[in-house]
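Trainee: I would like to go through the terms used for this model and check each against its criterion.
Mentor: Fine. Ask about one term at a time.

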Amino acid sequence: MSVELNTSIANLRDLRASDLQDYDAVYLGDIYCRLYEGNFLERTDELREGLRILRDQGKRAYVASYAAPRNDYLPRVRKTLEVAAREGAEAVEAHNLGILKIAHDEFPGLPVHIGGFANLYTDAGVEVLRGFGAVRFTPNYELSLEEIHDIASTCGVPMELMIHGKMPLGVSDYCFLLDYEEKWGIKCPDLCQKDLFLKQGDWAMKSVGKGIMSGKDVCMLEHLPRLLADGHRHFRIETLSETPEYRRQVAAVYREALERAAEAAFEQDERWWRVVRAHARIGLCNGFYFGKSGMEYAGIRPEAAGSLLTISPSGT
Amino acid sequence: MVTLLAPAGSPEAVLAALDAGADAVYVGLKGWSRGGARGELTWEELGWAQRRVCNDGRELQVALNTIPLPHERSRLFQQIPALLDLGMRSLIVNDIGILAILRGRFPTLRLTASIGCGAQTVADVGFFRDLGASAVVLPGTVGPNEVREITAVQGILVEVMVHMVEEFILLGKCWMPSYVHLKPSPLPTDASAGPVPEGAERGLRQTGSMKRGGVGTCFKICQQPWDLYEGDSWREARRFPSRQVSGVADVAGYVEAGAHVLKLQGRSLPPDQLAPVVRRYREALDGVASGSVPADRPTLPAAWTVVGR
C-alpha cells in the first residue's frame, strides 16, 4: 500500500535542521505571513535550495502559497509559482482561489493541491476546483470523516488529511503579536518563534502571529485503520510552528503506525503515545473528524487528557 | 451610478432602509442565511418585502449563504423556483459549489459571491467571474486603491462592504468558534420547504460554524477575554483586536475607483439604528454625485454600528 506522509516547513534553517527520513514529501513556505523568518515564499534562492535539498533526499517537493493574499502579494506569488514550475516542484498548494486561478491560467503544467483554507465543503466544490486544475484536496477542517468519505467517493479524487499537529483555525490580515514588540523588547520576526498560547478555562489556541491554531494537537493515531479503510493515502503532520525534534519524532511514530495499520491487526505501541503526549503541551483532540467540536477527543486513550489549562495566571 | 445596498432583518427594517435612501436591500430567508435567525424573513415577509421594494423601483436581494450538508442541499435548491416566482433575481451565496450548481440550473439568476467567500484580490475576483458570479463582495478593509485594480476585471460587479465590523480573523477563514463548540441544530419548520430527507437528523445545521451555521451566530470566541501564555508562563489577559469599519470618508474614493455597489453590514440592526447608517451613506453618495465630497467624518457612534450583531 502506497501512503504519503508529508509535512510543512517554513524556511531553510528549519529544513536543514530537520530529519525527514520518515516523510515522503514536504510543503515549503509559511502560508500566514510574508515576514515570517526566512519564509521560502519570499526568497527565490532559498526556495530553489530547499527544492534541491528535498530532491537530493528523494522527497517529493511541494510549494505552499499564502492563505489570505492581497493585491500587492501577487507579483511575489507569481515569482514563487514560476520558481516552483521551473525547478520541478511536484505541486503547489493553493489555499486561495485567486492563486489557484493564477496557477491554472499562467502555469498550466503545475499540479495544484487544494489547502485547508480554500473552504472546500462540498462535492460540488471539488468539481469547481478540479475545473481549475486541482488534483488533490484538503477539505475544510470542519468536515467530519463521514462527510470527507462521501465527497471522496462521489468525486473519486484523492483527499489529503491532517492526521497530527496543531490544526489551523484562522488567518488574519494583522499580526496579533506586534503589540508586544515594545512591551517585550522582541522584534518581528522573532516574536512568532515563541511558544504562545491563548487560554480560557478549558479552551486553548496557539498564536503564530497572523495565524491561529488549535492549542491541542490533533491526533489520529488510534484511527489510522479507519482512514486507510476509507481509502485515504495522503496524510499531513502539521509542523509549521514546531521544532525539528517534534517533526522527526512524531513522523517516526506515524510511519511505524501507518505500516502496522495496513496489517490485519493494528497493535498500538505504548511508546508512540509517550512521544505524542510529550509533544502535546495542551493535550490531544481529533479536530472535527467525528462531527464534534474540534477540541474534543473521541478515542479511548488516556493520553488525550491532561493539559496546562489548570495553571492559574500566577502559575500555581 | 453606484448602488447603495442596505441590510434588513425585518419588514420594519426594509421600510427603514428604503426611507433612508437605499437603492437595494438584502434580506435573509429563514433557515438559509448565515446571519442567523435574528435577521431572517419568513416566506410571507419576503413576498411582502419584494412587492414593497419593487413598487419603489428598487431591488431586493436574498442571502442563501449557509453551506448545507449534502442531504440538505436539495432543500435549498427547492427554494429557488418560488423565489423566481416572486420576481427575485439576485441571490447571495457562500460556497463555490453551490454557486456553480445554481449558475447551471438557473441561468437567469444574478449570483453574488458573499463576503464569506473571502475574496480580497484582483485574482480572486477573476476566479469568481470565471465561475459565473455576477457580483463579488469585498470587505471594507480593501481600500479604494486596491479596488481600482480589482475593477479592471471585466464582467463582474464589485461590491464593497464599506460598513462592517472587522474581527481579527478574516471572514470565511475562521473556525475558532466550532473548535470550541459545535452544536447541531434543527432546521426551522417550514411547510413550504418540503419533507425533511431521511438522515437529516445526523447533521442538521452546524451552529458554531461560521460557514455552515445559519441559526444563530457564532459563539463570538474572538470577543472572549483570553490569557496569553508564553510556554507555561502567564503574560497578560487580553482580547483579540476588532474594530468598526465605517467607510463614509472613503465613499468618494470607492466611487472613483469604479466600485459598483457599496454594501452595509447589519441585518440584526433595529430600524431606528439602521436608518441613520443608511442615510449617512446616502448623503455621502449624493454628495459625490453632486460634486460636494463630504468631509472626513469620525467613526459612527457605537449605537450605529453592528457590534453585537
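Trainee: What makes A:D202 partly exposed in this predicted model?
Mentor: A:D202 has 13 other C-beta atoms within 10 Å. A residue is exposed at 12 or fewer and buried at 20 or more, so A:D202 with its 13 counts as partly exposed.

Trainee: Where is A:D202 found?
Mentor: A:D202 is in the loop between β8 and β9 of chain A. Its C-alpha atom is separated by 9.7 Å from that of A:I282, which is 80 residues apart along the chain.

Trainee: Why is A:N119 called buried?
Mentor: The count for A:N119 is 25 other C-beta atoms within 10 Å. The cut-off for buried is 20 or more, so A:N119 is buried. A:N119 lies in the loop between β5 (112-114) and α5 of chain A. Although not a glycine, A:N119 has a positive phi of about 60 degrees.

Trainee: Which peptide bond is cis, with omega near 10 degrees?
Mentor: The one from A:C188 to A:P189. A:P189 lies in the loop between α7 (180-184) and β8 (196-200) of chain A.

Trainee: What makes α5(B) largely enclosed by the rest of the structure?
Mentor: Of its 10 residues, 8 are buried, so α5(B) is described as largely enclosed. The buried ones are B:V122, B:A123, B:D124, B:V125, B:G126, B:F127, B:F128 and B:L131. After α5(B) comes B:G132, with a positive phi near 105 degrees.

Trainee: How do you know that α4(A) is roughly perpendicular to α5(B)?
Mentor: Helix α4 (residues 97-106) of chain A packs against α5(B) at about 75 degrees, and the axes are 7 Å apart. Angles of 65 to 115 degrees count as roughly perpendicular, so the pair α4(A) and α5(B) is given that term.

Trainee: Which residues make the contact of α4(A) with α5(B)?
Mentor: From α4(A) there are A:L97, A:G98, A:I99, A:L100, A:K101 and A:I102, and from α5(B) there are B:A123, B:D124, B:G126, B:F127 and B:D130. By class, the residues of this contact are 6 nonpolar, 2 polar and 3 charged.

Trainee: What do the buried residues of α4(B) pack against?
Mentor: In helix α4 (residues 96-105) of chain B, the buried residues are B:I96, B:G97, B:I98, B:L99, B:A100 and B:L102. They pack against α5 (123-131) of chain A, together with β5 (90-93), β6 (110-113) and α5 (122-131) of chain B.

Trainee: How many residues of chain A are in contact with chain B?
Mentor: 52 residues of chain A are in contact with 48 residues of chain B. On the chain A side, the elements that give two or more residues are α4, α5, β7 (160-172), β8, β9 (203-207) and β10 (211-219). The largest share, 6 residues, comes from α4(A). By class, this side has 28 nonpolar, 13 polar and 11 charged residues.

Trainee: Why is α1(B) called roughly parallel to α9(B)?
Mentor: The axes of helix α1 (residues 11-19) and helix α9 (residues 271-289) of chain B come within 8 Å and cross at roughly 25 degrees. Angles under 35 degrees count as roughly parallel, so α1(B) is roughly parallel to α9(B). The crossing of α1(B) past α9(B) is right-handed.

Trainee: Which residues meet there?
Mentor: B:E12, B:A13, B:A16, B:A17 and B:D19 in α1(B) meet B:P271, B:L274, B:A275 and B:V278 in α9(B). The contact has 7 nonpolar, no polar and 2 charged residues.

Trainee: Which members of the largest nonpolar core touch the most other members?
Mentor: B:A17, B:V25, B:V136, B:M176 and B:L262, in a core of 196 residues. Helix α9 (residues 244-261) of chain A gives the largest share of this core, 8 residues. Leaving out residues up to four places away in sequence, B:L262 touches B:V2, B:L4, B:L5, B:V160, B:V162, B:V251, B:Y254, B:Y281 and B:L285.

Trainee: How many helices and strands are there in chain B?
Mentor: Chain B has 9 helices and 15 strands. Of its 309 residues, 52% are buried.

Key: Residues are numbered from 1 along each chain as its sequence is written. Chains are lettered from A and ligands numbered from 1 in the order in which they are written. This is a predicted model: local features need pLDDT of at least 70, side-chain atom pairs count only at pLDDT 80 or more; totals for chains, interfaces and linings use all residues. A nonpolar core is a set of buried Ala, Val, Leu, Ile, Met, Phe, Trp, Tyr and Cys residues joined through C-beta atoms within 7 Å. Helices (H or I, at least four residues) and strands (E, at least two) are DSSP runs, numbered from the N terminus. Two residues are in contact if their C-beta atoms, placed from the backbone, lie within 7 Å. Axes are lines fitted to C-alpha atoms, for helices over the stretch in contact, and angles run from 0 to 180 degrees between N-to-C directions. Angles under 35 degrees count as roughly parallel, over 145 as roughly antiparallel, 65 to 115 as roughly perpendicular and the rest as oblique. A crossing is left-handed if the near helix is turned anticlockwise from the far one by less than a right angle, and right-handed if clockwise. Ala, Val, Leu, Ile, Met, Phe, Trp, Tyr, Cys and Pro count as nonpolar, Asp, Glu, Lys and Arg as charged, and the others, Gly among them, as polar.
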